[in-house]
Amino acid sequence: MSDPVGLRARKKLRTRDAIADVAIALFLARGFDQVSVSDVAAAAEVSKPTLFRYFATKEDLLLHRFADHHGEPARVVRDRPPGVPPVEALHRHFRAGLDRCEPVTGLNDHPEVVAFHRLVFTTPSLAGRLLRYLEDDEDALAAVLDPGVRGRLLAAQVIAVQRVLARTNWQRIADGRTARQVLPEAVADADDAFARLRRSTGDR
């Protein structure tokens, strides 16, 4: 027996992904500020109202790729094994992302991924919207760490560490190195950054 609700949800997801794929291709080819929402809607063969049902802003057309990781730090802490301190769990998770060359760690040398990050980091409106994503992650992480100021301070430090590590990894690759060449430095930097974070916060 078919599941009409499930079918509708999958169809909406496919439509959303198709619109975003068209938008990203246009943005990478012509530049973010040179492509309008109308251009994206026309290329994706949807109306502007339909496009805005899936994406609240033009920036979200590009940054939706971060959506799969939205709230991830909070989930890592919440689902960590018993006895594992929060910062240690986050460290292990980031290291696993490096091993998989996940784009969110900055350690991915696929040309489209490198170009995608360059577009995000060099376009003020995209960088600003990305900051909102990171602030949401910070709020969610603080909520699972500690309801007081200690939780907010630790969450802010964790998000800052991950952002700096990812940006550094991307810059090394953007300067002409491969992900494999950068990996040892990326791992060493992550180990050092999270060790410093554990020492400064007393999170063993």
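**Entry 1: the overall fold**

I read along the sequence and found that the protein chain follows the pattern α-α-α-α-α-α-α-α-α-α. I am working with a predicted model. I counted 10 helices and 0 strands in the protein chain. I looked up the extent of the C-alpha trace, and along its principal axes it spans about 55 × 45 × 35 Å. I then checked burial: 42% of the 204 residues of the protein chain count as buried. I also looked up contacts between residues at least 6 apart in sequence, and 67% of these join residues at least 24 apart.

**Entry 2: helices α6 and α10**

I noted that two packed helices are described by the angle between their axes and the distance between the axes. I took helix α6, residues 86–99, and helix α10, residues 179–201. They pack at an angle of about 170 degrees, and their axes are 10 Å apart. Angles over 145 degrees count as roughly antiparallel, and α6 and α10 are therefore roughly antiparallel to each other. I listed the residues that make the contact: V87, E88, L90, H91, F94, R95 and L98 on the α6 side. On the α10 side I listed L183, A186, V187, A190, D191, F194, L197, R198 and T201. Sorted by class, the contact of α6 with α10 has 10 nonpolar, 2 polar and 4 charged residues.

**Entry 3: helix α8**

I checked the length of helix α8, which runs over residues 124–145. At 1.5 Å a residue, its 22 residues should span 32 Å, and the end C-alpha atoms are 31 Å apart, which agrees. Which residues of α8 are buried? I found L126, L130, Y133, D137, L141, A142 and L145. I kept in mind that an α-helix has 3.6 residues a turn, so residues three or four places apart point the same way. What do the buried residues of α8 pack against? I found α4 (58–63), α5 (72–78), α6, α7 (111–122) and α9 (149–174).

**Entry 4: aromatic pairs**

I found 3 aromatic pairs in the structure and looked at two of them, F27 with F32 and F121 with W170. The rings of F27 and F32 have their centres 4.8 Å apart and their planes at 55 degrees, so I logged that pair as tilted. Both F27 and F32 are buried.

The rings of F121 and W170 have their centres 5.1 Å apart and their planes at 65 degrees, so this pair is edge-to-face. The pair links distant parts of the chain, with F121 in helix α7 and W170 in helix α9, 49 residues apart. Are these two residues buried or exposed? F121 has 22% relative accessibility and so counts as partly exposed. W170, at 5% relative accessibility, counts as buried.

**Entry 5: positive phi values**

I looked up the backbone of E45, which has a positive phi of about 60 degrees although it is not a glycine. I located E45 in the loop between α2 (37–44) and α3 (48–54). At 73% relative accessibility, E45 counts as exposed.

I then turned to C101, which is not a glycine but has a positive phi of about 55 degrees. I located C101 in the loop between α6 and α7. C101 has 27% relative accessibility, so I recorded this residue as partly exposed.

Terms used
Residues are numbered from 1 along each chain as its sequence is written. This is a predicted model: local features need pLDDT of at least 70, side-chain atom pairs count only at pLDDT 80 or more; totals for chains, interfaces and linings use all residues. Side-chain values use heavy atoms; hydrogens and water are left out. Axes are lines fitted to C-alpha atoms, for helices over the stretch in contact, and angles run from 0 to 180 degrees between N-to-C directions. Helices (H or I, at least four residues) and strands (E, at least two) are DSSP runs, numbered from the N terminus. Angles under 35 degrees count as roughly parallel, over 145 as roughly antiparallel, 65 to 115 as roughly perpendicular and the rest as oblique. Contact means heavy atoms within 4.5 Å. Ala, Val, Leu, Ile, Met, Phe, Trp, Tyr, Cys and Pro count as nonpolar, Asp, Glu, Lys and Arg as charged, and the others, Gly among them, as polar. The expected span of a helix is 1.5 Å times one less than its number of residues. Buried means under 20% relative accessible area, exposed over 50%, partly exposed in between (1.4 Å probe, protein chains only). Rings of Phe, Tyr and Trp (its six-membered ring) pair if their centres lie within 6.5 Å; planes under 30 degrees apart count as stacked, over 60 as edge-to-face and the rest as tilted.
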